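Welcome, and take a moment to look around before reading on.

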Amino acid sequence: MGTTIPDNVLSTFSRFVERNMGLSFPKEKWSDLERGIRSAASEFSAGDAESCIKWLMSSRLSKCQVETLASHLTVGETHFFRDRKCFDILEKHIIPGLVRSRVGNEQNIRLWSAGCATGEEPYSLAILIRRIISDLRNWNITILATDINPGFLQKAKQGVYSEWSFRESPNWVKEHYFTKTAKGFELRKDIRNMVTFSYHNIIEDPFPSLSNNTNAMDIIFCRNVLMYFSQERARDAVQHFYRCLASDGRLIVSAVETSQTLFSEFHPINYPGVILYRKTEAGEDAPSIAIPRKQVHPPQPQTSEPGAGMAGGLSPVPPPAYTTIEPAPSVLDSYEEALQSYRQGRYAETVEKITSLLSSDKAGGDNKGCVSLGAEGRLDAKAMSLLARTYANQGRLSDALLWCERAVASDKMSSEFHYLLATILQEVGQAEEAVAALKRTLYLDQDFVPAHFLLGNLTRQQGKFEESGKHFENALSILKARNQEDVLPESEGMTAGRLHEIIRTMLETESRR
């Protein structure tokens with residue numbers, strides 16, 4: 001297919017798109033670029049395609065407008081059980097292997113469909129899990145589905161599809177899991193409830209992150225997404241996906257995106273017609289501190305804690321005064337080295353450094369780590385929280401919960417530790433306990449924006465839409481008063497401006513339902 005927009009205009013616009021969005025459209029893909037801009041021109045009400053290009057290149061676009069453009073430049077074409085060979089391998093080999101390794105231990109499986117479009121892919125994964133695991137109620141299954149296009153996400157949540165979404169899929173898919181309605185074929189509610197849809201921009205937003213649940217994944221699907229990225233952006237995304245995977249996790253891309261250079265950190269696994277990329281990390285079996293395991297009981301709210309929404313406007317209790325005692329330089333250096341390893345995604349190395357730090361006489365005696373209020377005691381608590389975060393990113397959720405509780409016990413006045421506890425409780429499926437931990441976070445710091453945001457998401461999932469809306473509005477109110485470039489606490493680099501854009505886009509999309 002040829003183009004009607006002049007080559008010099010398309011050439012200039014393709015460079016603009018790559019520079020500002022990380023999407024690559026070489027000359028052989030200019031017809032795709034023109035198709036996308038014609039579609040975008042209609043939504044932007046910007047006249048014809050060439051006029052739209054001139055407007056885009058001369059305007060100061062908001063992130064919302066940039067992402068709207070991106071949604072038109074990338075193809076959201078998909079259907080149920082697309083690439084049947086890949087799903088056959090998951091059904092016969094990968095998922096049964098995960099189930100066997102987790103039975104009787106931490107019975108959790110975490111999957112992420114990155115670039116999920118209108119939801120056929122993540123719902124296919126949910127159907128597959130339902131077919132394989134008979135005692136599903138005894139498992140904690142996470143299926144995260146993200147996309148840059150809010151309209152796609154809204155359609156996906158509805159779970160209603162036309163006949164076109166079932167092309168090339170087995171007959172039993174539609175027969176057993178869908179009901180014919182006036183609007184199309186509606187997916188069973190129990191399957192819809194297995195998938196959490198969330199807005200996420202692979203180029204712009206942080207991952208892995210406990211705050212958006214993109215950590216410790218067993219399988220990541222990212223098909224027909226990387227092919228739109230420039231080499232630099234694709235390489236950066238793949239490195240982040242590597243960090244998002246638990247040890248031995250798999251990354252699945254489309255056949256046209258396979259690359260020995262791009263996926264050099266992974267070990268390729270060849271099946272007939274399919275290549276999967278497996279994460280391997282040297283030293284994964286790092287030592288851990290021998291601490292008796294205990295039954296985990298959800299933390300109880302303090303008697304002085306107000307109810308939801310900070311009724312009565314009580315102010316947070318001020319922290320007790322500390323006598324400043326500087327930690328020994330060697331201890332501080334050890335912690336900083338561990339933190340650097342964590343930031344680079346070397347989780348096994350991080351665990352080894354932190355466990356050594358906490359085991360040493362200087363920084364980790366059994367009593368000192370839990371009761372000291374001096375500087376070294378607070379450093380111990382930070383080390384415990386880092387260990388909890390690292391275990392969570394490895395998928396070792398019981399260990400993560402154990403060490404986060406110890407961090408909270410060491411410093412009960414830390415809003416960051418209570419928030420971290422909430423994110424881990426969410427991951428292990430304890431939603432009510434996570435909500436309680438978030439309310440304690442806000443009791444200590446009413447302006448802790450990530451807690452408002454996560455509370456909004458959790459209460460929305462519980463069907464408490466009015467309460468959810470209040471939390472989102474609280475978050476927006478606080479964010480408006482912040483410098484847009486401020487990095488939010490416990491957000492893995494998310495800025496105030498970026499979170500404001502995400503919440504506003506989400507609320508605007510839902511208001512149009």
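Contact here means heavy atoms within 4.5 Å. Helices (H or I, at least four residues) and strands (E, at least two) are DSSP runs, numbered from the N terminus. This is a predicted model, in which local features need pLDDT of at least 70 and side-chain atom pairs count only at pLDDT 80 or more, while totals for chains, interfaces and linings use all residues. Residues are numbered from 1 along each chain as its sequence is written, and side-chain values use heavy atoms, with hydrogens and water left out.

**The whole chain**

Let's start with the overall picture. The chain holds 20 helices and ten strands. Of its 513 residues, 54% count as buried, where buried means under 20% relative accessible area, exposed means over 50%, and partly exposed lies in between (1.4 Å probe, protein chains only). Among contacts in the chain with a separation of 6 or more, 72% are between residues 24 or more positions apart.

Helix H6 covers residues 120-132, which makes 13 residues. From its first C-alpha to its last H6 reaches 18 Å, close to the 18 Å expected at 1.5 Å a residue; the expected span is 1.5 Å times one less than the number of residues. H6 is mostly covered, with ten of its 13 residues buried. Those buried residues are Glu120, Glu121, Pro122, Tyr123, Ser124, Leu125, Ala126, Ile127, Leu128 and Ile129.

Which residues of H5 meet H6? They are Phe87, Leu90, Glu91, Ile95 and Pro96, and on the H6 side the partners are Glu121, Ser124, Leu125, Leu128, Ile129, Arg131 and Ile132. By class, this contact of H5 with H6 has eight nonpolar, one polar and three charged residues. For these classes, Ala, Val, Leu, Ile, Met, Phe, Trp, Tyr, Cys and Pro count as nonpolar, Asp, Glu, Lys and Arg as charged, and the others, Gly among them, as polar.

Two packed helices are described by the angle between their axes and the distance between the axes. Axes are lines fitted to C-alpha atoms, for helices over the stretch in contact, and angles run from 0 to 180 degrees between N-to-C directions. Here are two pairs from this chain.

| Helix pair | Axes come within | Crossing angle |
|---|---|---|
| H5 (residues 84-102) and H6 | 11 Å | roughly 50 degrees |
| H2 (residues 30-44) and H4 (residues 63-73) | 8 Å | roughly 135 degrees |

H5 and H6 are therefore oblique to each other, and H2 and H4 are oblique to each other too. Angles under 35 degrees count as roughly parallel, over 145 as roughly antiparallel, 65 to 115 as roughly perpendicular and the rest as oblique. The crossing of H5 and H6 is right-handed. A crossing is left-handed if the near helix is turned anticlockwise from the far one by less than a right angle, and right-handed if clockwise.

H2 also passes H4 in a right-handed crossing. H2 brings Leu33, Arg35, Gly36, Ile37, Ser39, Ala40, Glu43 and Phe44 to the contact, and H4 brings Gln65, Thr68, Leu69, His72 and Leu73. The contact of H2 with H4 has six nonpolar, five polar and two charged residues.

**Helix H17**

Helix H17 runs over residues 431-444. Its 14 residues should span 20 Å at 1.5 Å a residue, which agrees with end C-alpha atoms 20 Å apart. Among the buried residues of H17 are Ala434, Val435, Leu438 and Tyr443. The buried residues of H17 pack against helix H16 (415-427) and helix H18 (449-461).

Is Cys222 buried or exposed? At 0% relative accessibility, Cys222 counts as buried. Cys222 sits in the loop between strand S7 (217-221) and helix H10 (231-244). Leaving aside its neighbours within four places in sequence, Cys222 is in contact with residues including Ala114, Ile202, Phe241 and Ile252. The C-alpha atoms of Cys222 and Ile252 are separated by 6.1 Å, although the two are 30 residues apart along the chain.

His471 lies in helix H19 (residues 465-480) and, at 5% relative accessibility, counts as buried.

Asp83, in the loop between H4 and H5, has a phi near 65 degrees, a positive value in a residue other than glycine. At 38% relative accessibility, Asp83 counts as partly exposed. Finally, the peptide bond from Phe207 to Pro208 is cis, with omega near 0 degrees.
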